Amino acid sequence: MATDILFLVERLESLVAAAKKLPLTNNVVLDQAAMLELVDQLRISVPDEVRQAKRITEEVTRITEHARDEADQIAARAQEQAAQMLEERELVKLAQQRAAEIIEQASREAGEVRRGADEYAAGVLIRLEGECIKALTSIKRGIDMLDERHRGAPAPTEEATSAQTLTPEKAGTPARS
């Protein structure tokens, strides 16, 4: 087959070389029918491997373009994911900062509430202490008054003592209900 093609190429070359030249130009006049017949013979003589190589080359080109498109899509998705991850990272960072601020504010407020509660408890305890002191003072005065009464009163006699030990019925006084 390769020799057929080479033979046909040589025939093409001889047709071009034998063609009539146009005056004052490098152009030549060719026999159109002979040229077209030679081109058809060349086309027929092209081996299947060349046709297959052409198909393979076209397939490789198509696969390469498809791979490029796919690679571009993958790169675009990767860029989107990277941008999204950066955005999420920023959101996480902002959330962490906000959480720290909230915790700090809550700690301050808890300290203020604790101080207020301590002050309130101290005030209540101080008032209670004052009330206890007043109550103790009143109790002490009552005890002192009772002591004074016993010291100033005459000592009880035997009759008074026995009258106190008698029940109201024995003493002759009616019982009160």
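Read along the sequence, the protein runs α-β-β-α-α-α, which comes to four helices and two strands. Helices (H or I, at least four residues) and strands (E, at least two) are DSSP runs, numbered from the N terminus. This is a predicted model, where local features need pLDDT of at least 70, side-chain atom pairs count only at pLDDT 80 or more, and totals for chains, interfaces and linings use all residues. Residue numbers start from 1 along each chain as its sequence is written, and side-chain values use heavy atoms, with hydrogens and water left out.

Now for the overall numbers. Of the 177 residues, 5% are buried; buried means under 20% relative accessible area, exposed over 50%, and partly exposed in between (1.4 Å probe, protein chains only). The accessible surface is about 16,000 Å², with 59% of it on carbon and sulfur atoms (Shrake-Rupley method, 1.4 Å probe; for residues, only the protein chains shown count as cover). As for contacts (heavy atoms within 4.5 Å), among those with a separation of 6 or more, 42% link residues 24 or more positions apart.
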